[in-house]
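Please consult the sequence and the structure shown below while reading.

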Amino acid sequence: MTGLGRVTMQVTGVHGAQHGALYAYLEDVQPNGRVTYITEGELTLANRAMAPKENNPLWRKLRTPRTYARADAAPLPLHTRQQITFDLLPTSVQFHPGDRIRIAIAAADPDSFQLLPADGNATYRISHGPASPSFVELPIIR
(Lines give C-alpha, C1' and ligand atoms only; values in the text may rest on other atoms or scores of the structure.)
Protein backbone atom coordinates (compact mmCIF):
# COMPACT_ATOMS: atom_id res chain seq x y z
CA MET A 1 0.00 0.00 0.00
CA THR A 2 1.50 3.33 -1.04
CA GLY A 3 -0.14 6.76 -0.95
CA LEU A 4 -3.24 8.35 0.58
CA GLY A 5 -5.99 6.16 1.96
CA ARG A 6 -9.48 7.47 2.48
CA VAL A 7 -12.21 6.75 5.03
CA THR A 8 -15.91 7.21 4.28
CA MET A 9 -18.41 6.80 7.09
CA GLN A 10 -22.15 7.21 7.47
CA VAL A 11 -22.18 9.20 10.72
CA THR A 12 -25.04 10.27 12.94
CA GLY A 13 -24.24 12.71 15.73
CA VAL A 14 -26.04 11.50 18.85
CA HIS A 15 -24.80 13.78 21.64
CA GLY A 16 -22.36 16.71 21.72
CA ALA A 17 -21.29 16.05 18.14
CA GLN A 18 -22.23 19.41 16.59
CA HIS A 19 -18.70 20.76 17.15
CA GLY A 20 -16.84 17.46 17.27
CA ALA A 21 -14.15 15.66 15.32
CA LEU A 22 -13.46 12.13 14.14
CA TYR A 23 -10.15 10.27 14.02
CA ALA A 24 -9.34 7.11 12.08
CA TYR A 25 -6.27 4.96 12.69
CA LEU A 26 -5.11 2.33 10.19
CA GLU A 27 -3.46 -0.60 11.96
CA ASP A 28 -1.82 -3.87 10.99
CA VAL A 29 -2.86 -6.81 13.18
CA GLN A 30 -0.44 -9.73 12.95
CA PRO A 31 -1.60 -13.34 13.46
CA ASN A 32 -0.05 -13.33 16.97
CA GLY A 33 -2.26 -10.35 17.92
CA ARG A 34 0.46 -7.70 17.77
CA VAL A 35 -0.97 -4.38 16.55
CA THR A 36 1.16 -1.88 14.63
CA TYR A 37 0.04 1.68 13.93
CA ILE A 38 0.34 2.51 10.21
CA THR A 39 -1.24 5.94 9.68
CA GLU A 40 -4.16 8.14 10.64
CA GLY A 41 -6.57 10.79 9.47
CA GLU A 42 -8.72 13.27 11.28
CA LEU A 43 -11.42 15.79 10.50
CA THR A 44 -13.00 18.57 12.48
CA LEU A 45 -16.59 17.97 11.45
CA ALA A 46 -17.38 21.66 11.00
CA ASN A 47 -14.91 21.55 8.07
CA ARG A 48 -16.60 18.66 6.27
CA ALA A 49 -17.57 20.73 3.17
CA MET A 50 -15.76 19.36 0.17
CA ALA A 51 -14.34 21.46 -2.66
CA PRO A 52 -14.67 20.59 -6.34
CA LYS A 53 -11.62 18.60 -7.46
CA GLU A 54 -10.68 21.30 -9.96
CA ASN A 55 -10.41 23.78 -7.05
CA ASN A 56 -7.89 21.59 -5.23
CA PRO A 57 -4.74 23.79 -5.20
CA LEU A 58 -1.46 22.33 -6.48
CA TRP A 59 0.16 22.67 -3.05
CA ARG A 60 -2.63 20.58 -1.45
CA LYS A 61 -3.35 17.67 -3.75
CA LEU A 62 -5.57 15.57 -1.52
CA ARG A 63 -7.92 12.82 -2.62
CA THR A 64 -10.69 14.59 -0.69
CA PRO A 65 -10.28 18.35 -1.21
CA ARG A 66 -11.93 20.67 1.33
CA THR A 67 -12.85 24.32 1.12
CA TYR A 68 -11.88 25.15 4.73
CA ALA A 69 -13.81 28.38 4.10
CA ARG A 70 -15.37 30.03 7.11
CA ALA A 71 -18.59 30.48 5.10
CA ASP A 72 -18.76 26.69 4.54
CA ALA A 73 -18.15 25.73 8.18
CA ALA A 74 -21.25 24.35 9.86
CA PRO A 75 -22.10 22.35 12.98
CA LEU A 76 -22.86 18.67 12.41
CA PRO A 77 -26.64 18.26 12.68
CA LEU A 78 -27.67 15.86 15.44
CA HIS A 79 -29.75 12.77 14.69
CA THR A 80 -29.26 13.12 10.92
CA ARG A 81 -26.99 10.71 9.08
CA GLN A 82 -24.23 12.45 7.11
CA GLN A 83 -21.60 10.96 4.82
CA ILE A 84 -18.20 11.99 6.17
CA THR A 85 -15.09 11.40 4.05
CA PHE A 86 -11.50 12.24 4.93
CA ASP A 87 -8.00 11.23 3.92
CA LEU A 88 -5.47 9.24 5.84
CA LEU A 89 -1.93 10.60 5.90
CA PRO A 90 0.22 9.17 3.10
CA THR A 91 2.25 6.10 3.90
CA SER A 92 3.93 3.10 2.34
CA VAL A 93 3.70 -0.30 3.98
CA GLN A 94 3.72 -3.96 3.01
CA PHE A 95 1.15 -6.18 4.70
CA HIS A 96 2.15 -9.81 5.05
CA PRO A 97 0.01 -12.90 4.43
CA GLY A 98 -2.10 -13.63 7.50
CA ASP A 99 -2.08 -10.01 8.69
CA ARG A 100 -5.39 -8.22 9.13
CA ILE A 101 -6.03 -4.57 8.44
CA ARG A 102 -7.95 -2.72 11.15
CA ILE A 103 -9.48 0.75 11.24
CA ALA A 104 -9.98 2.17 14.73
CA ILE A 105 -12.36 5.15 14.95
CA ALA A 106 -12.29 7.62 17.83
CA ALA A 107 -14.15 10.78 18.80
CA ALA A 108 -11.11 12.23 20.60
CA ASP A 109 -7.33 12.01 20.78
CA PRO A 110 -6.49 14.23 23.78
CA ASP A 111 -2.78 13.35 23.70
CA SER A 112 -2.40 14.88 20.23
CA PHE A 113 -5.34 17.20 19.52
CA GLN A 114 -7.54 19.77 21.22
CA LEU A 115 -10.77 18.21 22.49
CA LEU A 116 -13.77 18.92 20.26
CA PRO A 117 -16.18 19.69 21.80
CA ALA A 118 -14.19 21.31 24.59
CA ASP A 119 -15.51 18.93 27.25
CA GLY A 120 -14.62 15.94 25.05
CA ASN A 121 -18.11 14.51 25.41
CA ALA A 122 -19.42 13.52 21.96
CA THR A 123 -21.22 10.40 20.81
CA TYR A 124 -21.61 9.20 17.23
CA ARG A 125 -23.33 6.30 15.53
CA ILE A 126 -21.47 4.90 12.51
CA SER A 127 -23.71 2.95 10.16
CA HIS A 128 -22.58 0.14 7.88
CA GLY A 129 -24.05 -2.36 5.48
CA PRO A 130 -25.54 -2.21 1.99
CA ALA A 131 -28.08 0.52 2.82
CA SER A 132 -25.53 2.85 4.44
CA PRO A 133 -21.99 1.72 3.67
CA SER A 134 -18.97 2.89 5.63
CA PHE A 135 -15.67 1.85 4.10
CA VAL A 136 -11.94 2.43 3.69
CA GLU A 137 -10.15 2.87 0.36
CA LEU A 138 -6.46 1.97 0.33
CA PRO A 139 -4.02 2.63 -2.54
CA ILE A 140 -2.83 -0.88 -3.31
CA ILE A 141 0.26 -1.38 -5.48
CA ARG A 142 0.79 -4.84 -6.98
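How many bridges join strand β3 to β4? Nine bridges join these strands, which run antiparallel, with β3 covering residues 21–29. The model is a predicted one, in which local features need pLDDT of at least 70, side-chain atom pairs count only at pLDDT 80 or more, and totals for chains, interfaces and linings use all residues. Residues are numbered from 1 along each chain as its sequence is written, and side-chain values use heavy atoms, with hydrogens and water left out.

**The open sheet**

- Three strands, in the order β4-β3-β7, form an open sheet with antiparallel pairing; strands here are DSSP runs of E with at least two residues, numbered from the N terminus, and two strands pair if DSSP finds at least two bridges between them.
- The edge strands are β4 (35–44) and β7 (100–106), each of which pairs on one side only.
- On average, neighbouring strands of this sheet are turned by 20° against each other, direction ignored; the axes are lines fitted to C-alpha atoms, and angles run from 0 to 180 degrees between N-to-C directions.
- In general, strands of a sheet pair through backbone hydrogen bonds, either parallel or antiparallel.

- A21 stands opposite T44 in β4.
- The bridge partner of E27 in β4 is Y37.
- The hairpin of β3 and β4 has five residues between the strands, and G33 in this hairpin takes a positive phi near 95°.

**Salt bridges**

- Two salt bridges are found in a search of the whole structure, a salt bridge being a side-chain nitrogen of Lys or Arg within 4 Å of a carboxyl oxygen of Asp or Glu.
- R102 forms a salt bridge with E27, and the closest N and O atoms are 2.7 Å apart.
- This pair links distant parts of the chain, since R102 is in strand β7 and E27 in strand β3, 75 residues apart.
- E27 counts as buried because its relative accessibility is 14%, whereas R102, at 38%, counts as partly exposed; buried means under 20% relative accessible area, exposed over 50%, and partly exposed in between, with a 1.4 Å probe and protein chains only.
- R6 forms a salt bridge with E137, with the closest N and O atoms 3.0 Å apart.
- R6 lies in strand β2 (residues 6–15) and E137 in strand β9 (residues 135–137), so the pair ties together parts that are 131 residues apart in sequence.
- R6 counts as buried at 15% relative accessibility, while E137 counts as partly exposed at 25%.

**Backbone features in the loops**

- Y68 has a positive phi of about 50° although this residue is not a glycine.
- Y68 lies in the loop between β4 and β5 (81–87), and its relative accessibility of 44% means that Y68 counts as partly exposed.
- H79, also a residue other than glycine, has a positive phi near 60°.
- The place of H79 is in the loop between β4 and β5, and H79 is exposed, with a relative accessible area of 60%.
- The peptide bond from L116 to P117 is cis, with omega near -5°.
- P117 has its place in the loop between β7 and β8 (123–127).

Terms used:
Helices (H or I, at least four residues) and strands (E, at least two) are DSSP runs, numbered from the N terminus.
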